[in-house]
Amino acid sequence: MENVAELQVKFSDLAARVSLRLNPVSKQFVSRRHCRTKRHDNREGLILLLLFLLSAWNEHKNRGTSSPLSMPSKKPQQWLQVVGHAGTFRVGEYGMLLKKFCEGEQQCFQKLMEDTLKPYVPAYHGVVQQDEHDYNMMDNLLTHFNSPAIMDCKMGSRTYLEEELVLARERPQPRRDMYEKMVAVDPEAPTAQEQAQQAVLKTRYMQWRESLSSTTTLGFRIEGVRKANGECRTNFKRTKSREQVMDALKDFVDSNTQIARGYLRRLKQLRQVLETSDFFRTHEVVGSSLLFVHDGTGKTGVWMIDFAKTAALPPHLTLDHRSPWVEGNREDGYLWGLDNLIDILTNILPLT
């Protein structure tokens, strides 16, 4: 086990390699399309990175160090590489979180910092560089919780952009990895042609994936849960009905009405702000999640996260985020999903 002096040396070395740049990002950064496609090849959510940070934070507290940053142990790093993209996230200084740079996400955060939604997203602090790679820097939302439980809910009635459908038709690129994911869940799901190719289109996989879950029935789905006792669950692929979702939410809050009420209050506040937000009215919000966090004290929080696929609308177009999606109308079903989530949480609480 390392002592405080050793940790301080490591921290100083890490800080020396970070250069904060708040100026506009140059053209050399990755394209918007790159951050939409490569970042989302797999469906791991920001919950995975937060589990990594949580492990590092707990190790720091157990050591009794006073620095807000401790070097992560090997165990959480190895675990993260098994379930998520290695290198997508890093621990930053003083409670900060570093996420691999995506120009589209940076643009969203810059707008959100000037919007009424600012209190409902991680505070954004610009771009940093580490080891010749660029990262968006934001607050670590777990910092002020003690041994928190966390849940990632993917919001909206679809998780693919309309332009992805167009691209798939114009330049189809069947994917073997998507095929393998499909047959792992249902060996009978691929068509005869897909079985012969041993590959499926990404959009086909995503539409099939959504048909299994509550994305199509309720406008949101649970991606993953990490309980305060360390128990992790990501097996929600077939959690589709209102009753199944309600059972999963009850389990997440341990039937604690104080926690459920805290979440419900926050979600209602968020909905009210979303309905008047200029940013929300003028953006197609696809593939974004709500992050739920609570701890044993009853403290709760909910934030919007992951804006790599969020796209600005043409000037003449606005969305109500509740209308059914038809290709061309850009509707994402975000508020429809939030309405259903609020209704389910309301029904979890006892009548008073």
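Is Ser214 buried or exposed? Ser214 is buried, with a relative accessible area of 1%; buried means under 20% relative accessible area, exposed over 50%, and partly exposed in between, with a 1.4 Å probe and protein chains only.

1. Basis of the note. This is a predicted model, in which local features need pLDDT of at least 70 and side-chain atom pairs count only at pLDDT 80 or more, while totals for chains, interfaces and linings use all residues. Residues are numbered from 1 along each chain as its sequence is written, and side-chain values use heavy atoms, with hydrogens and water left out.

2. Overall composition. The protein chain holds 14 helices and twelve strands; helices (H or I, at least four residues) and strands (E, at least two) are DSSP runs, numbered from the N terminus. Of the 352 residues in the protein chain, 51% are buried. Among contacts between residues at least 6 apart in sequence, 74% join residues at least 24 apart, where contact means heavy atoms within 4.5 Å.

3. Surroundings of Ser214. Ser214 belongs to helix α10 (residues 214–218). Leaving aside residues up to four places away in sequence, Ser214 touches Gly219, Phe220, Arg221, Thr239, Lys240 and Val245.

4. Strands β2 and β3. Strand β2 (residues 89–91) is joined to β3 by three bridges, and the two run antiparallel; strands pair if DSSP finds at least two bridges between them. Val91 has Leu97 as its bridge partner in β3. The hairpin of β2 and β3 has four residues between the strands, and Tyr94 there takes a positive phi near 45°. Strand β3 is mostly covered, with four of its five residues buried.

5. Strand β5 and its two partners. Strand β5 (residues 133–139) is likewise mostly covered, five of its seven residues being buried. Five bridges link β5 to strand β3 (residues 96–100) in the antiparallel sense. Within this pairing, Met96 stands opposite Asp139, and Lys100 has Tyr135 as its bridge partner. Strand β4 (residues 124–130) is also antiparallel to β5, again over five bridges, and Val128 stands opposite Tyr135. Two residues separate β4 and β5 in their hairpin, where Asp131 in the turn has a positive phi of about 50°.

6. Phe101 is placed in the loop between β3 and α5 and counts as buried at 6% relative accessibility. Phe101 and Phe89 are twelve residues apart in sequence, with a C-alpha to C-alpha distance of 9.7 Å. Gln106 lies in helix α5 (residues 103–112) and, at 5% relative accessibility, is also buried.

7. Packing of α7 and α9. The axes of helix α7 (residues 176–185) and helix α9 (residues 202–212) come within 10 Å and cross at roughly 25°; axes are lines fitted to C-alpha atoms, for helices over the stretch in contact, and angles run from 0 to 180 degrees between N-to-C directions. Helix α7 is therefore roughly parallel to α9, given that angles under 35 degrees count as roughly parallel, over 145 as roughly antiparallel, 65 to 115 as roughly perpendicular and the rest as oblique. The contact involves Met178, Lys181, Met182 and Val185 of α7, together with Lys202, Arg204, Tyr205, Trp208 and Leu212 of α9. By class, this contact has six nonpolar, no polar and three charged residues; Ala, Val, Leu, Ile, Met, Phe, Trp, Tyr, Cys and Pro count as nonpolar, Asp, Glu, Lys and Arg as charged, and the others, Gly among them, as polar.

8. The five-stranded sheet. Five strands form an open antiparallel sheet in the order β8-β7-β6-β10-β11. The edge strands, each pairing on one side only, are β8 (232–233) and β11 (300–305). Strand β7 (residues 220–226) pairs with β8 in the antiparallel sense over two bridges, and Arg226 stands opposite Cys232 in β8. Helix α11 (residues 242–253) packs on the sheet and touches β6 (149–155), β7, β8 and β10 (289–294). The direction of α11 makes about 30° with that of β7.
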